[in-house]
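Please keep the view open while reading the points.

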Amino acid sequence: MIDIVLLTLLMVVAFAIIKMKDLFSVIMLLGIYGLLSASFFVAMDAVDVAFTEAAVGAGISTLLILLVITMTGRSENTTRHKPLLALLVVVFTGALLIYGTLDMPYFGSADAPINNHVAPRYINGSMEEIGIPNIVTSVLASYRAFDTFGEVVVIFTAGIGVLALLSVVPRPEDSKKITPVNDSMHEQYLVIRVVTKILLPFILLFALYVQFHGDFGPGGGFQAGVIFSAAIILYTMLFGLNTARKVMNQSVVQLIAAMGVLLYACVGVVSLLNGGNFFDYNVLSNDPVAGQHLGVLLIEWGVGCTVASVMIIIFFSFAGRREMQQHNKYVDNKDQESSL
Amino acid sequence: MIMDLFNYWVVVVLMMSGFYIVIAHGNLIKKMVGLTIFQTSVFIFYISMAKVEGGTAPILAESISQHSNPLPHVLILTAIVVGIATTALGLALVVRIKESYGSIEEEDIQQLDEQAQVESEQKTANGNQV
Amino acid sequence: MDIIINISGALCLIIGSFLCISGGIGILRFPDFYTRMHAVGVTDTLGAGMVLIGLMFYSPDFLIFSKLVMILLLTLLIGPTTSHVLAKAAMHNGLMPELAQNDNNKNMD
């Protein structure tokens with residue numbers, strides 16, 4: 001019952017996003033969409049996925065698009081022509097897809113083909129072979145470690161891409177302006193700065209808890225990395241980009257991102273050198289189950305480091321670009337005034 | 001049969017609304033939002049397929065005998081994080097397009113491109129004459 | 001003893017749901033941004049708090065009870081801060097609250 005209500009609400013939100021012209025409202029609706037899908041995933045017993053979708057889809061994604069519309073403008077031009085051809089294509093494709101779903105096994109059936117081949121082997125073999133209760137973590141980190149390796153490399157590549165497109169060399173006179181700006185802003189932002197300073201250690205502690213508790217409950221490297229970077233982004237938003245760059249040196253953060261990927265790859269290479277296959281954790285220690293535990297711990301740590309560092313790098317790049325644009329606009333205005 | 005396949009039909013509706021936003025709206029940020037809606041609808045599709053009636057979350061505990069299928073959960077976990085990585089890269093490209101062209105509407109960008117192409121053709125024609 | 005715990009838990013959950021619904025009605029019916037935010041801020045913090053207290057009555061062991069206490073403390077800290085930040089942002093951008101017209105009362109005095 002509750003999943004029917006949630007799916008109907010999702011459709012309503014999607015239609016509202018199509019109709020709206022104000023991009024700020026569209027982004028807020030996108031955040032609601034992410035939160036509703038996270039609730040739907042909980043109703044479908046997918047707790048790890050719900051955790052990740054709530055952190056990434058309703059948290060970081062909304063934040064990044066909001067940051068971009070402060071640079072690109074808030075409203076959308078109305079189209080002058082009626083998009084009749086697009087509507088026809090969409091309806092035709094939708095009809096074909098619905099015809100395709102008529103052959104699918106009914107929702108929730110236990111004898112569907114998807115539940116009969118590899119899944120029972122993972123569910124039954126997880127406790128003896130790997131020994132951790134969370135089956136999703138054991139599949140992600142051990143049975144399908146190669147796919148997770150590809151994912152970590154993709155995140156790292158996206159971080160490099162954003163750095164290549166948006167990085168700005170920081171000017172040396174900015175560091176002298178930090179203390180006076182901080183004091184003048186303190187009066188204006190007093191309440192939220194105090195509350196943030198109270199909350200920040202708890203958010204970081206919660207990120208570490210999620211990282212190491214991922215073997216026993218929902219959690220793991222991805223969620224922990226996103227929560228850690230959310231704490232740092234909160235600090236940056238309230239205390240200024242220059243202060244945050246002094247607290248977290250950007251070259252150290254970039255180094256940690258690379259070291260996360262390197263740690264992940266080295267676990268695989270060490271298993272090769274010890275005589276097993278690539279990412280075969282049984283040979284990492286004398287006892288196979290202890291070797292599996294060690295392998296899962298190390299690669300989750302690598303994933304958490306890389307995800308946290310790349311999210312911080314992406315936010316710093318966008319915020320630094322925005323500051324450069326505002327500085328250029330200010331310099332242009334001053335030149336126009338002095339020439340008039 | 002409607003209730004049994006309701007999840008999949010809702011997924012098709014959401015997918016098509018995301019697709020419509022991508023092809024019918026000109027604003028680049030709106031297109032990125034449409035892509036995100038499309039992605040999330042595919043996640044809902046996979047997770048609906050993984051649910052087993054009467055099962056619980058795939059975490060081993062003493063009193064539980066029937067689990068939902070964990071394999072699609074793993075695939076979607078990867079897909080969510082890859083989705084945010086590509087969204088971040090797309091947004092970086094939008095910022096640079098705004099800096100170069102001054103606008104993020106598709107029609108304005110195409111107009112400026114055509115103008116620049118016409119001007120460069122005129123310049124080469126003048127250069128050949130001289 | 002069990003019956004008292006069950007009934008108090010159910011009562012807290014019902015009060016929490018009613019507060020959340022009234023917050024939703026408040027968003028739709030109130031005329032001004034500041035009054036709408038007051039409705040949402042008060043009723044959402046109190047509503048979520050009541051639901052959490054109701055769940056505390058039903059918790060089977062101490063670990064779940066302590067986790068619910070921590071979530072309640074965080075909700076009580078973050079809810080009012082969010083309302084404050086929204087109101088401050090609106091004031092900073094120039095959105096003035098609609099005040100009642102007091103001219104008739106002043107003339108009569």
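1. Start with helix 6 of chain A, residues 135–143. This helix is mostly covered, with 9 of its 9 residues buried. The model is a predicted one. The buried residues are Ile135(A), Val136(A), Thr137(A), Ser138(A), Val139(A), Leu140(A), Ala141(A), Ser142(A) and Tyr143(A).

2. What covers the buried residues of helix 6 of chain A? Within chain A, the cover includes helix 3, helix 5 (119–129), helix 7 (145–166) and helix 13 (288–339). Helix 3 of chain B belongs to the cover too.

3. Helix 13 of chain A also holds Gly291(A). Is Gly291(A) buried or exposed? It is buried, because 20 other C-beta atoms lie within 10 Å, and a residue counts as buried at 20 or more. Leaving aside residues up to four places away in sequence, Gly291(A) touches Tyr281(A), Asn282(A), Val283(A), Leu284(A) and Ser285(A). Phe216(A) is 75 residues from Gly291(A) along the chain, and their C-alpha atoms are separated by 17 Å.

4. Next, look at a helix pair in chain A. Helix 2 (residues 23–43) and helix 3 (residues 47–72) of chain A have axes that come within 7 Å and cross at roughly 175°. That angle makes helix 2 of chain A roughly antiparallel to helix 3 of chain A; the cut-off for this label is over 145 degrees.

5. Which residues meet where helix 2 and helix 3 of chain A touch? Helix 2 of chain A brings residues including Leu23(A), Phe24(A), Ile27(A), Leu30(A), Gly31(A) and Gly34(A). Helix 3 of chain A brings, among them, Val47(A), Ala50(A), Glu53(A), Ala54(A), Gly57(A) and Ala58(A). By class, this contact has 16 nonpolar, 6 polar and 1 charged residues.

6. Now take chain A as a whole. It has 13 helices and 0 strands. Its C-alpha atoms fill a box of roughly 80 × 55 × 35 Å along the principal axes. Of its 340 residues, 37% are buried. Take the contacts in chain A with a separation of 6 or more: 70% of them join residues 24 or more positions apart.

7. Which chains share the most contacts? There are 2 pairs of chains in contact, and chains A and B share the most. In this pairing, 68 residues of chain B are in contact with 78 residues of chain A. On the side of chain B that touches chain A, helix 1 (2–24), helix 2 (28–50) and helix 3 (71–101) of chain B each supply at least two residues. Helix 3 of chain B gives the most, with 22 residues. By class, that side of chain B has 45 nonpolar, 16 polar and 7 charged residues.

8. Helix 4 of chain B needs a separate look. How many of its 24 residues are buried? The number is 0, so helix 4 of chain B lies largely in the open. The length of this helix, residues 106–129, can be checked as well. At 1.5 Å a residue, its 24 residues should span 34 Å. The end C-alpha atoms are 35 Å apart, which agrees.

9. What does chain B look like overall? It contains 4 helices and 0 strands. Its C-alpha trace spans about 90 × 30 × 20 Å along the principal axes. A compact globule of 130 residues would have a radius of gyration near 14 Å, but chain B has 24 Å. Of the 130 residues of chain B, 47% count as buried. Among contacts in chain B with a separation of 6 or more, 40% involve residues 24 or more positions apart.

10. The C-alpha trace of chain C spans about 65 × 30 × 25 Å along its principal axes. A compact globule of 109 residues would have a radius of gyration near 13 Å, but chain C has 19 Å. Buried residues make up 11% of its 109 residues. Of the contacts in chain C between residues at least 6 apart in sequence, 65% join residues at least 24 apart.

11. Where does chain C stand relative to chain B? Chains B and C do not touch. Their nearest C-alpha atoms are 15 Å apart.

Note on methods
Residues numbered from 1 in each chain as written. Chains lettered and ligands numbered in written order. Predicted model: local features only at pLDDT ≥ 70, side-chain atom pairs only at ≥ 80, totals over all residues. Contact = placed C-beta atoms within 7 Å. Nonpolar A, V, L, I, M, F, W, Y, C, P; charged D, E, K, R; others polar. Expected span 1.5 Å × (residues − 1). Buried ≥ 20, exposed ≤ 12 C-beta atoms within 10 Å, placed from the backbone. Axes fitted to C-alpha atoms, helices over the stretch in contact; angles between N-to-C directions. Parallel < 35°, antiparallel > 145°, perpendicular 65-115°, else oblique. Rg over C-alpha atoms; globule rule 2.2 N^0.38 Å.
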